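Subject: Structure for you to look over, with notes

Dear colleague,

I am passing on the structure we talked about, together with some notes on what turned up in it. Please open it first and keep it beside you while you read.

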Amino acid sequence: MKQTITHTIPPCYDSHSRILILGTMPSPKSREYGFYYGHPQNRFWKIISDLLEKPLPTTNQEKQNLLLQNQIALWDVLKSCEIDGASDSSIQNPIPNNLSEILSNSQIHTIFTTGAKAYQLYEKYCFPQTKIPAISLPSTSPANCRTSYQQLKAAYQILLDALKQ
């Protein structure tokens, strides 16, 4: 059943952030936990911690620290939308977040999206304002079971290259 959801989790970034990773909208589990990629079977945090060769963060504060200590910003493309649970394919009436505050108060030079829907929404609603092309990465959601952990990790390796720029 579709609900209108308004994004309530603030963006995670600081003035040292160099790359921005955008999802579509926080899932029900993420909203429940109050931070991004909160579903226990989502592979996002394992991939990020493995790539950075850091311990797997378990608390919201540890997750935030991992991102900020490694110059990574995290937010979502959408401010609100109608959505059925966590199904990106069900999104209707999207309203994008305004990325200008993050971009003007950081050193972000590269934007990544997690999943095809986040990429499509970014291209349609955000790119005309930011003029920064996004790089689409596969979704780390448990619903994306056709992509193995090793395939995800290989795809996300590009984050490390961007952080060296």
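Does glutamine 71 count as buried, partly exposed or exposed, and at what relative accessibility? I come back to that below, after a word on the origin of the values. This is a predicted model, in which local features need pLDDT of at least 70 and side-chain atom pairs count only at pLDDT 80 or more, while totals for chains, interfaces and linings use all residues. Residues are numbered from 1 along each chain as its sequence is written, and side-chain values use heavy atoms, with hydrogens and water left out.

To the question, then: glutamine 71 counts as partly exposed because its relative accessibility is 28%, given that buried means under 20% relative accessible area, exposed over 50% and partly exposed in between, with a 1.4 Å probe and protein chains only. Glutamine 71 sits in the loop between α3 and β3, where helices (H or I, at least four residues) and strands (E, at least two) are DSSP runs numbered from the N terminus. Its phi is near 60 degrees, which is a positive value in a residue other than glycine.

Seven of the nine residues of α2 are buried, and the helix is mostly covered; the buried ones are Phe44, Trp45, Ile47, Ile48, Ser49, Leu51 and Leu52. They pack against β2 (19-23), α3, β3, β6 (110-114), α6 (149-156) and α7 (158-163), with contact meaning heavy atoms within 4.5 Å. Just after α2, glutamate 53 takes a positive phi of about 55 degrees.

Two of these neighbours are helices whose packing on α2 can be described in some detail. The axes of α2 (residues 44-52) and α3 (residues 60-69) come within 11 Å and cross at roughly 45 degrees, where axes are lines fitted to C-alpha atoms, for helices over the stretch in contact, and angles run from 0 to 180 degrees between N-to-C directions. That makes α2 oblique to α3, since angles under 35 degrees count as roughly parallel, over 145 as roughly antiparallel, 65 to 115 as roughly perpendicular and the rest as oblique. The crossing of α2 and α3 is left-handed, a term used if the near helix is turned anticlockwise from the far one by less than a right angle, with right-handed used if clockwise. Trp45, Ile48, Ser49 and Leu52 of α2 meet Lys63, Leu66 and Leu67 of α3. By class, that contact of α2 with α3 has five nonpolar, one polar and one charged residues, with Ala, Val, Leu, Ile, Met, Phe, Trp, Tyr, Cys and Pro counted as nonpolar, Asp, Glu, Lys and Arg as charged, and the others, Gly among them, as polar.

The axes of α2 and α6 are 10 Å apart, and the two helices pack at an angle of about 60 degrees. This makes α2 oblique to α6 as well, but here the crossing is right-handed. Lys46, Ile47, Asp50 and Leu51 of α2 form the contact with Tyr149, Leu152, Lys153 and Tyr156 of α6, and the residues divide into five nonpolar, no polar and three charged.

In α3, the buried residues are Lys63, Leu66 and Leu67; seen down the axis of α3, they fall within an arc of 95 degrees, so they line one face of the helix, the arc being that of the directions from the helix axis to the C-beta atoms. What covers them includes α2 and β3 (72-76). In α6, Tyr149, Leu152 and Tyr156 are buried, and they fall within an arc of 60 degrees seen down the axis of α6, so they too line one face of the helix. Gln150 and Ala154, on the other side of α6, are exposed.

Isoleucine 111 is buried, with a relative accessible area of 0%. Leaving aside neighbours within four places in sequence, isoleucine 111 is in contact with Leu20, Leu22, Leu103, Tyr122, Ile132, Pro133, Ala134 and Ile135.

With best wishes
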